[in-house]
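Reader: Hi! I'd like a friendly walk through this one, please, starting wherever you like.

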Amino acid sequence: MSRSGKYCAALLLCSVGALAQAQTGSTPTAPKPLSVEDFLRPPAYASPTLSRDGKSFAVTIPVNGRMNLAVVDLETRKGTALTNFSDFDVLDVTWVGNDYILYSLGKLNSPSGPGQFDGGGLFMVSKDGKDGRKLSPTVKESRGFNQLHRGYEVHRTLPNSNDEIIAQGNMRSADSNDLYRLNVRTSRATLLTPDRPEYSLNWLLDRNFVPRVVTSWVRDTQTFIVWYRPDDKSSWQELTRYDRAKGPTFIPLTFEADNKTMQVAYNAGRDTMAIYRYDPSAKKVGELVAEHPRFDIGADASGDRVPGVIRDWKSDNIVGYAVRADKPEVVWTDEAYSRLQRMIDGALPGTINGFTRTPDGKRLVVTSFSDTVPTKWFMLDEEKKTMEELFDARPWIKPGQLVEQRAFRLKTRDGLEIPGYYFLPKEHKPGDRLPTVLHIHGGPAVRADRFGGGYGVLEAQLLAARGYAVVLPNFRATPGFGGKIYYSGFGTMGRQMIDDHEDAAKWAVEQGFADADRICISGGSYGGYATLMALARFPKTFRCGISGLMVSDWKMIVTSPAGDIAYSKTAVAHFNELVGAKDPSGYPSDVSPINLADRIKQPVLVYAGADDIRTPLEQTNAMVRALERTGNPPKKVIIKAGEGHGFGKLENNVELYNEIIDFLDTHIGSKSKR
């Protein structure tokens, strides 16, 4: 685009207030501190998705205390709510043609990231709200009928169909996934994979939408097999197999334009997952096409997909590669896309800017955010050389109200170098020692906190605004940072994995901002477990602990019918490997804090959701009783009815964080004795 085009786009942005630039020469007024409620309020808009004809956006908005589905007419800007759930958030919104919207249900505010948990299901609603259909039930509904859960999820839409998709589901067998051509209006499904391998899980279609690659599981192990066939008439042949706990990991990503060559994510002979060309007929890994020295690309070492291949909206050709680094990064291989990126970055300086073509190809939907600027969405018209703001996720947050999210590298006592983030109050001066909170993410084998968002990032911003330094360390078993960090987590649950948390606290002290006598550890899910273990093992390092949605007994959580883990054979096999035992009967007692309660002398705050099926309430109740028996009952126990693996209701989150702030102030903050 010409220089004048960039200038015009920037001018229009200023005129609609998107850049909110102060007048030259004026002295900006210090922004009013955000209240706890302002930090915790759900976004005004999230996940806008454009219909195929470019006339309507599907978005999620706060309704009835949850993020519900709405549709916005692009011409009139009139919005209409389409759902009214009070117990779930709407997730995974997908248009089918111009008239139908698919969605699933789950929980957005979770320590391991948004997930379905007892939600799931697949639902259709027409954009006018007059037609709706349940295509498959939620996990909660299946459990209510004491049934094994079976359901669909969207595998992909079809470019020339207004009412059909390709869906993935376990309708034939509870422990295997098939592909179906599913009519979203009638629920009629046609099986596309009648002769699949046993325990099939993840499918890859070729460019003609033929299922040609599938990954299956070897029961009771962490081994996966990648299968291939040259066409839909041929039999399946094994390409390779990999052990998710040891590697190397091999993940098929896409077919190239010739519909024969694949691109795969692979880490044999290297640390990070990189993208290679692959000839499936010869079973031969070819040219390296994309890599990053520190972060995985295409898939992580656990086998989960991460940003990687970027395809053109029309031709389906590969035009670039993305990587989730400290900040999101993109390298374009297509000059037209590279030129667009430069133009958009020039109009929106200081933010991370992504874009997608509208289905008609004439405009671009631009997504813009940073660590200190909540997400906004714009419509860029290339012909008119204008860019108009569409949605603002959190319009009540003004410039200067959020703090910088700083990247760091944690060097552990055994030599691993693990990326993480930390946050300091705006008023912090070098040399000032602050009360510090170490927040441990859930999982543990997930990368839960990202640049500009996540369960831990939200807590860090809230606490930094109240004078606390906050460290969000990753640790061994966290995927996304290469195989060495991920694979080294197996067999270390409760041992070296907990050492990493103490190493992070010591790092903060060495950097000069943390007061060694005023460090508290916090977290939910695995983070709640890690809090209790760190208090028991390192009483001189951690002054207090906040344990939410906890695991207190590993043997119980993988065997109890109260939760969902015991029903997943792959999940149980995964935790067996993390603990380092053949089966739950071999779990050492000292990896479960329920057996170490007598070693926890520091103040503890506990919170849980009464309806949590990932870490059921029995885990919290057992630990509370154990602490009471030792004479150190929790200072506060917060259990909320109707909440699951993370609080979803604003009033419950506000109450929780007011209690957390008071707890921290009392034990390491302004009210504490030094």
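**Salt bridges and a sheet**

Author: Let's start with glutamate 335, which is partly exposed at a relative accessible area of 46%. Partly exposed sits between buried, under 20% relative accessible area, and exposed, over 50% (1.4 Å probe, protein chains only). This is a predicted model, with residues numbered from 1 along each chain as its sequence is written. Local features need pLDDT of at least 70, side-chain atom pairs count only at pLDDT 80 or more, and totals for chains, interfaces and linings use all residues; side-chain values use heavy atoms, leaving out hydrogens and water.

Reader: Thanks! Which side chain does glutamate 335 meet in a salt bridge?

Author: Arginine 342, at 2.9 Å from N to O. A salt bridge here is a side-chain nitrogen of Lys or Arg within 4 Å of a carboxyl oxygen of Asp or Glu. Arginine 342 is partly exposed too, with a relative accessible area of 43%.

Reader: How many salt bridges does the whole structure have?

Author: The search finds 35. One of them joins arginine 181 to glutamate 164, with the closest N and O atoms 2.7 Å apart. That pair links distant parts of the chain, 17 residues apart: arginine 181 is in strand E11 (residues 178–183) and glutamate 164 in strand E10 (residues 164–169). Strands (E, at least two residues) and helices (H or I, at least four) are DSSP runs, numbered from the N terminus.

Reader: And what about arginine 413?

Author: The side chain of arginine 413 meets that of glutamate 502 in a salt bridge, 2.8 Å from N to O. Arginine 413 is in the loop between strand E28 (406–411) and strand E29 (417–423), while glutamate 502 is in helix H7 (residues 496–510), so the pair ties together parts 89 residues apart in sequence.

Reader: Is glutamate 502 buried or exposed?

Author: Buried, with a relative accessible area of 7%; arginine 413 counts as partly exposed, at 46%. Both belong to a salt-bridge network that links Arg413, Asp499, Glu502, Asp503, Lys506 and Arg537.

Reader: Switching topic: what is the strand order in the open sheet of 4 strands?

Author: E17-E18-E19-E20, paired antiparallel. Two strands pair if DSSP finds at least two bridges between them. At the edges, strand E17 (250–255) and strand E20 (284–290) each pair on one side only.

Reader: Over how many bridges do E17 and E18 pair?

Author: E17 pairs with strand E18 (residues 262–266) over 5 bridges, in the antiparallel sense. Among the partners, phenylalanine 255 has methionine 262 in E18.
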